[in-house]
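Me: Please take a close look at the aromatic rings in this model. What sits against them, and what do they join?

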Amino acid sequence: MFGGKKDTKSDFLKSAKIERQQRQDSKKKEVAIVKIQALVRMFLEQRRFCRNIRSDFDSCINDTSNQLITALQLFKQGRRLLLIYKSPKDEQRLLTLCRSIVVNLEAGKEPKYWYMSLLLMKDCTAVWIKHLKELLLKCSLKLQSLKAYSISSGSKEASIYLSMLVIFTDCSNWKILLMKGGENIKPIMQQLCNSVVTELTSKGLLISLKEYLHQGLNRIEISLNKLSITAVTKLILRCFQSMAQNIATHLIFVKSFLTLPAYIYHAQRLSTEALDLLLSYDVFGKSFNVLHDYQAMASIHESAGINETLCIIGNLASLCSICDTKFSQLKDKVKIVLISLVKHCKTFVGRHHGNTQWNSIFGWCSSAHKTRSIQDSSYHILSQLQLLWKQPLVGYFFESLPTLSESEAVITSGGDGSDSKGGILRRALMKTFKRNSGSLVDLNEPVVIDICMTCDLYQTLTTTFTQLRLEIVAGLSLQEEVLVRLWRFIYSLGPGAGMKSILNYINGNTLELPTPLASLLKLFCECTCQLIPILDDEELYEKQKPFSCTDLIKLSSFLNLLVFKLIWNNVGVCPTSPQSSASKGEVKKKNASLVDDSVKWLALHLLHLLYDRDCRRAFMEPSSWLIKEIKMSAFNNELKEKTERSTSILQNMSHVIPHMERVKIFHKWVEGDKQSLDIDKESSRPTALVSIRRSRILEDGYEQLNRFTGSTLKGIIRIKFINEQGLDEAGIDQDGVFKEFLEDVITEAFNPQLNLFKLTTGGDEERLYPSPTSFIHENHLNLFNFIGKMLGKSLYEGILVDVPFASFFLNKMLAQRKSALYSSIDELPSLDPEMYKNLNFVKNYDGDVADLELVFAYDEDVLGQVVTHDLKPGGRAISVTNANKLAYVHLMAQYRLTTNIEQQTDAFIRGFLSVISPNWLCIFSGPELQRLISGSTGSIDLQDLKSNTRYYGGYHAGHPTVVWLWDIVINDFNTAEKKQFLKFVTSCSNPPLLGFRHLEPAFSVRFVDSTEDEDTGDTVGSVVRGLFGVRKRGASNSPARLPTASTCFNLLKLPSYKKKSILKEKLRYAIKAGAGFELS
C-alpha cells in the first residue's frame, strides 16, 4: 500500500520536470526563430544593399562608356564598392574602377576628373586618404594573385594595377601640382605619398611585387614588357627609399629581388629607364657592400637555397658587366662575395643519391633545402652567368695583370741575372709589384692577392658549375691575351717562373700550397690545356699566337721541372702508375699530399700536350726536356727497388730520362719478362715448331701462329722451311731462320700492293697506315691481329724491321689515352696534308662558309665506287655554316684518322699489345717507338760496326780484303750507300739504338771462293785459301762473283778480290741491285 503512493509521487516529479524542459525548449525555439528571421532579413537586406551598390556602380561606371566620370563620383562609387568588396565577384568592378581613375588622369583636362583633387576638399580629405590606402592595398594583393599572362594575350589587368600603384606613390607627375599654387602643396602631397608607400610596404607590397616578377620572369619567354618591368622597378625602389638605409634594408633587397631569375638582365634588355633607376639607387654598391658583411652573407647561406643563390650570382654578374667604374672601386669585395656565393652553391652539389635532383648547371645537387624551381628561366640565368667568362668582365677581373708590352721584357730577358740588360728590364717591371726580381713570392702583396683571388673565383666556378666546366674553361681559353699575360705574371713571380717560391712550400713543412697560388696554377693549366689542342701548326709556329716561341720554351721548362719536383718529392702517385687500387689507398693514407692533386694532374696534362706538339714539330732542344738532377745510377737503383717516385716518373714523364737510358730500361724489362717465363734460348725447349712453305710464308704463318697467345709467342719458335718441290730445306733453325721468317712475313704483310696497309701521300716521306679497304681480304681483321703479334715479336726479340709508320698510327700503337680535348686535326698532316690544308682553309675562311656548299659527309672512292659517309647522323643533309664549321673540321679529321680505320687499328694493336706490354711502351713517344722498331735514324757509326764484326773462312781484321772493305764503306760510300750496305747485310737500313754491340746475331764476314751451289761452308782448305788469298784450283781467273749476304744471320759472304777498285765496284753493284739477298 505504501509502495504505490511512493511511485505516484515519483511519476509526478518526473512529469513536472519534463513539462518544465519542454517550456524551456519552446522559449529557445522562439528566440532562435526570431534570430533566424533577423539574420535572414539582414542577409536579404545586405544582399539587396550590395546588389543596389553593384547595380549603381555598374550603371555609373562601365567599360563601354566613353564619357569621363568626375573624381567625386568615382570616389563615392569606389568607397561603396570597397565596403562590400568580395573576391572574385567584384574583381572586375575593382579593375573597372582603377581603369577609370587612370583614364581620367590621362584624358581629363579639368581638376574635377583628377582623383587626387579630392584632397583639396576639406570634407573628404581624411576619408579619401583612408580610402586610397585601402584601394591601393587591394591593387597590391590583386597583383600578387595574378598569373603573369604572356603579352600576346592582350591582358591589361596587371598594367592597370601597376599604374595605380605608380601614380599614387609619387606626386611628381600629378597635374594638380602644375596649377597655380601647386608648388605650395607639393611637400604635403609628397608626404602623403610617402605615407602611402610606408603603409603599403608594411602590409606586403614588396611581397606582391616579388611574386609578380617571379611569375613573369620564371618563364622560357618572359611575360613582362618594358612598361611593366619599369613600373615594378619604380615601386620597389620607392619602397626601399622609404625605409631606413642600413644593412638590414639592403639585405632585404638582395633576398627579395636579386633572387629573382635574371631580373637585372631583363631590366637592362627591356628598359633603360628601369636600369637607370637601379643604378641611381646604387644597387651595385649596396648589394656588394652588404654581402661583404659576414653576418649578412651568413644570413644568405642560411635562408637561400641553391636556385636563389644562383639567381643572386647571375644578377650580380649582370651588374658587374654594367657598372665598370664601380667595379674597379669594389673589385676585391666583388671577388670575395662571388667566391662565397659560389662556394655556398657547392655545398648542395654532390653525387647522385635518393635526395638529389638533376640540374642543368650543377649536375646532381641536393634537394633537401626548399627552393623554388627556376628550370623554365635557366636559359636566361645562363646568359647572365656566361658574362663572367666573357669580355668585358674577364678583362675587369684580370686588369691587375701586366700588359703584354710590360711583360715582354720579362719573358725575353732569357735569365735572372741582375746585371744583364734583361735583369734591368725585369727589375723595372718588378717595381710594379714592389718586389726585387730575385726574391720569393710574398702572397701578401696586393697585386698577387688580387690576381690569385681572380683565379680562385674561376676555379671555384669550374668545380661548382660542373655542367658548364668545359664552357667556362673554353671561354677563358679564348681570351688568348689574358692567358699570355697570366703566364708572364707567373713567370715574373721569381727565378724559374716562380719555381723557388713553389718549391719553398713543397720542400718545407707546409702540407699544401696556399689556395690562391694553387688556383693560379690550376686555372692557367686548365685553360691552356683547352687552348693548345685547337691551335694548328701555322698559328703555333708561324704566327706564334698567342704564345711566342720563347713563351712555349719557358713554359715547357717550367712545367717540366714543376711536375718532376711534385712527383719526385713523393707528392702522391700518378694514376697511370701500374698499382692496384689497394696500394693506391695505402699510399694515400701513408703520405699526406704536399699539394692539391689537381695542380699536379693539370700541370702534367698540359706538359703532355706541349711535349706531344714538340714531338711532332720541335720547338725545344731535345736536351731541354731532361732533368739534370736525375743521376741514372741512383735512378736505376730506385727503379730496381720499385720505389714509388721512380715508377711514377717513368710512367708519367719518362721524357726527362735520356732516350738511350729508356731503351736500356725497356730491354731490361723484356729480359725480366723472359726470365719470369723461363725462356732461355740455350736450354729451353721451343714452344712451337712449325713448317712454312716459302711460296706461302704469310698465309702459312697466319694459319699456324695466329692461334697462339701472346705469352706463347714470347717463347722460342722454330721454323722449318719447305721449298717449292715440297721438301724440307736442310739446316736447323738457330734463331737465324726465324729472323728470316719474321722479316719476310713483315715485308710481305706491309707491302702496299697487298692492300692491308697503304702509304701516305703528299708528305716528305711515305709512311704506312692500315688500309680502309682491307676488307677485300677474308678475315682481314684476324690478319691485322696476326701482323700486330709478329711486329710485337720482332720488337720483343730485338729484331729491327724497316717499317716506317705514319706518326698518327704510332700514337695509336702507344695506346695513349686521349683526353676530351684531343684534336684529331693536329695529326692529320701525317696522313693527308692536302686535306689538312683544305680543312684549315675552311676553319679560317672569312666569308660565309655556306657559300662553299659543304655538308657533314665525306665522299670516298672505294674500289671504283663513290661511297658517302655521314660524319654525324643525317650529316649529308646538314649544311656547314660559320656556326658549326669547327665541328665539321674536327669531325672530318676524326673520320680520316680514326673512324675510317678503327676496326683495323684495334685488331692490329690488340695483337701488338698481346706481346708488348703497354706499360713498357708508355715511356716512349711516337718517334721514339719508330726508332725502337726500325733502329736509329741518325748517322751510321760504321766504326762501331767494324769493332763488333766477327770474321770466318780465314778472314781477319788485318786481311787486305777486309781492310779494303772497311775503307770503302767508311770513307768512299756516301750516306745513302752506307744505308744500302747496312740493309744489304742486315735487312734494315738503320743501326740498333744501343749500337752494333747489341745486333743479334752479330755481324760477320766470311770468305767464299766458289759459287753458291758449290759453297760447303768453312773447310780447312777454304780457311787457308782465305787466309793467304789463294784462289781455288779450277776457279775462274776473273773474280765474277758478287758479294752476297745472309740477312737472317747478318752475314756478308765476301770473295777475295785482287784490287780494291774491283771490290768497290762489285760491292756497290750488289747493294744497289739488291743482288745476293741469299736466304740460306
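Reply: Start with a charge over a ring. Arginine 645 places its charged end over the ring of tryptophan 568, 3.8 Å from the centre (NZ of Lys or CZ of Arg within 6 Å of the ring centre and within 35 degrees of the ring normal).

Some ground rules. This is a predicted model, where local features need pLDDT of at least 70 and side-chain atom pairs count only at pLDDT 80 or more, while totals for chains, interfaces and linings use all residues. Numbering runs from 1 along each chain as its sequence is written, and side-chain values use heavy atoms, leaving out hydrogens and water.

Now the ring pairs. There are 41 aromatic pairs (rings of Phe, Tyr and Trp, the last by its six-membered ring, with centres within 6.5 Å; planes under 30 degrees apart are stacked, over 60 edge-to-face, the rest tilted). Tyrosine 769 and phenylalanine 808 make a tilted one, with centres 6.1 Å apart and planes at 55°. Tyrosine 769 sits in strand 6 (residues 768–770) and phenylalanine 808 in helix 37 (residues 807–813), so this pair ties together parts 39 residues apart in sequence (helices are DSSP runs of H or I, at least four residues; strands are runs of E, at least two; both are numbered from the N terminus). Tyrosine 769 is buried, at 6% relative accessible area (buried is under 20%, exposed over 50%, partly exposed in between, with a 1.4 Å probe and protein chains only). Phenylalanine 808 is buried as well, at 1%.

Next comes an edge-to-face pair: tyrosine 955 with phenylalanine 1007, 5.5 Å centre to centre and 85° between planes. Tyrosine 955 belongs to the loop between strand 9 and helix 44 (960–972), and phenylalanine 1007 to strand 10, so parts 52 residues apart in sequence are tied together. Tyrosine 955 is buried, at 5%. Phenylalanine 1007 is buried at 4%.

Phenylalanine rings also gather. Ring pairs link Phe750, Phe757, Phe784, Phe805, Phe809, Phe908 and Phe912 into a cluster.

Strand 10 (residues 1004–1007) runs parallel to strand 12 (residues 1051–1054), and four bridges join the two. Across that pairing, arginine 1006 stands opposite lysine 1053 of strand 12.

Arginine 896 is buried, at 10%. Leaving out residues up to four places away in sequence, arginine 896 touches Leu828, Leu831, Asp832, Met835 and Tyr858 (contact means heavy atoms within 4.5 Å).

How far can you trust the model? Mean pLDDT, the predictor's confidence in each residue from 0 to 100, is 82, and 83% of residues reach 70 or more. Residues 150–154 stay under 50, with five contacts beyond four places in sequence. Residues 415–441 are also below 50, with 47 contacts in the model beyond near neighbours in sequence. Where pLDDT is low, the predicted coordinates should not be read in detail.

How values were computed: Pairing = 2+ DSSP bridges.
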